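Here are a few friendly notes to read alongside the model. Please keep the picture open as you go through the points.

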Amino acid sequence: MITGNIDGIKKVMLDKIENLFELTIDNDKVFSYELVEQMNEISGIIKKELCVVINRRGKIEGISVGKIDSAPIPSIEVSSKKLSGFRVIHTHPSGSSTLSLLDISALIGSKLDAIAAIGVQENMEDIKINIAFCDIYDNNLTYNELKNLSLEASLQLNFKNKVDYIDKIIGSINTCEDQVERAILVGTDTEESLEELAGLAEACNIVPIDRIFQKKNKVFSAYYMGQGKVQEIANLRQLRNANLIIFDDELSGSQVRNLEEAINCKVIDRTTLILDILARRAKSKESILQVELAILNHKLPRLRNSNANLARIKGGVGLKGGVGSRGPGEKKLETDRRHIESRIEEIKNEMSKVLERKAVQKVKRTKNNISKVAIVGYTNAGKSTLRNKLCEISASDNISKEGVLEADMLFATLDTTVRAITLSDNRKITLSDTVGFISKLPHELVEAFKSTLEEVIEADLLLHVVDVANEEAIKQIQSVNIVLNELNAKDKNTIIVLNKIDKACQGNLDKVKDFLKGEKIVEVSAEKGINLDQLLHLIEREIPNKLVEKEFIIPYDRQKFISMLHEDASVINKNYTENGTYIKALVNEEIYERCADFEVKTL
Ligand SMILES: Nc1nc2c(ncn2[C@@H]2O[C@H](COP(=O)(O)OP(=O)(O)OP(=O)(O)O)[C@@H](O)[C@H]2O)c(=O)[nH]1
Ligand SMILES: [Mg+2]
């Protein structure tokens, strides 16, 4: 049977095409002289591509008219470790023998024995032919193309030997498609955003192997992009043997399903990637619960549209687990949904217990009237490094100097940790390090991390750390501001800490400073310890609860005031007099008022 578009083709030509089925091809050869001769003649007359599919016995199994994607190529298991046993010979009426991206993706996607393109010519001697075979490079399926062969030269090729060899290497090499996630990144925003997406992918041990760009104004709802672009991705996926497509934007459930069906590959979005990194990093009970909650909340609306084929697709590429499959499983839809809903309830209950415990600690700190300073900033800006350095310099004696993990990786810190430091005027403050922000941080994530970010919401002062060595510093500042806005913390008193000046170039530094005109800025290097004293002085100036130095004599029968001063003020000096305990201390307004009766009035 002839497939493809045969409209308008005369009966006599159709008979000629049908007669091709009678030909048999020698096993050693890619094709025969007669086959090429007849295909060249027919294609020249009908001015359409003609495509034949030949099996290993040399028998023609199918013929199609039109582009290669209409050819009746039998499908093959993606994970199969041998060639399909079919070769495809087709004509290009244009006269060119160049194999197109579509031709190559058919070769690799269907693991064809070979694909050949015959550039149609009037004279047989002028014919040029390109023939491509599958190949393995660096554990990946790729191709090898012989270009512009004459008919004579191509008939001399020992096809059988070549195919036997390729079959052997495909079978023996353990292609990495089973273990490694190889992703094509699809950008819709800026190159920089796509670059960051590559960083996020690497943080999940995914290998980004290629990129495709789609202008934002061309976003279509059903597939997120036009069909042509989707086809381009599908071809590139086959060509590069990718097993994952990552979109640099948020996709709806139905978009994911449509794209997965069209591309025949697992598709995830930026949010899923971020959630996956967070799931890998979460260590404390609170952050584990928060990440799980965010994952479930992200999953729930998408579950209704969840792709029944996904399991098959995933199975096809042999990926077990992998990105986006962390968290509760993918069992039957309805049970899943109920399971997720009840798990969300459970998490909320567990969270409220954790929060109760935190509230007790908070009351203690509030009572002590310690000012709260929170460090915020884009991920990898150097927040934890700064916090550790400041603690090293000025840790309160009675509070642990234990550091926070600082690492050159995205989202190194997931838990807000609070440490106290003593300023040079003897006041204590708490410094909290927080989870890094990132652009396009999904709303549900900000929501889920609200309890961690409570330190930001309740801070008296924010230190907004900026990596000025990063070319994208301004954009990162803007992204952080967006999240601060969501937390209603945008108007808080803020010091902008321009970090990594040891590494930043002057041009970038000037640009950022120009952008931040009118803000309170300090330029530091947390790592090299540059200008940190300047930062500490600025903090002293900006935090509320200014302390004043006062002297008291507390009568011996009013001991509770002594404990109060020890707990809630900073005692500088203490000795015992005839009338009571003499104490010199730095006190805030509230404590001062309560102890005012015992003040030593100096004339
Ligand atoms: N050159 C230079 N590198 C720095 C400086 N401060 C931090 N770094 C490096 O920047 C990287 C990130 O530092 P972290 O302190 O982990 O950054 P973070 O903002 O806490 O990151 P997350 O917790 O992932 O949001 C680390 O490799 C640090 O060594 C600095 O002043 N100069
Ligand atoms: Mg950190």
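**The antiparallel sheet and beyond**

1. Let's begin with an open sheet of three strands, in the order β18-β20-β19, whose pairing is antiparallel. Strands pair if DSSP finds at least two bridges between them; helices (H or I, at least four residues) and strands (E, at least two) are DSSP runs, numbered from the N terminus. At the edges are β18 (548–554) and β19 (570–576), each pairing on one side only. From one strand to the next, the twist averages 15 degrees.

2. A word on the source: this is a predicted model, where local features need pLDDT of at least 70 and side-chain atom pairs count only at pLDDT 80 or more, while totals for chains, interfaces and linings use all residues. Residues are numbered from 1 along each chain as its sequence is written, and chains are lettered from A and ligands numbered from 1 in the order in which they are written.

3. How many bridges join β19 to β20? There are six, and β20 covers residues 581–587. Lys574 has Ile583 in β20 as its bridge partner. Helix α19 (residues 559–568) packs on this sheet and touches β18, β19 and β20, with its direction at about 35 degrees to that of β20. Here, contact means C-beta atoms, placed from the backbone, within 7 Å; axes are lines fitted to C-alpha atoms, for helices over the stretch in contact, and angles run from 0 to 180 degrees between N-to-C directions.

4. Now look for an open sheet of four strands, ordered β9-β8-β10-β11 with parallel pairing. Because β9 (206–213) and β11 (266–269) each have a single partner strand, one side of each is left without a neighbour in the sheet. Strands β8 (residues 181–187) and β10 (residues 244–247) run parallel and are joined by four bridges; Ile184 has Ile245 in β10 as its bridge partner.

5. Two helices belong in this view. Helix α6 (residues 191–203) lies across β8, β9 and β10, at about 160 degrees to β8. Helix α7 (residues 227–240) also touches β8, β9 and β10, and its direction makes about 145 degrees with that of β9.

6. Helix α3 (residues 101–109) packs with α7 at about 50 degrees, their axes 8 Å apart. That angle makes α3 oblique to α7 (angles under 35 degrees count as roughly parallel, over 145 as roughly antiparallel, 65 to 115 as roughly perpendicular and the rest as oblique). Residues making the contact include Leu101 and Ile108 of α3 and Leu239 of α7.
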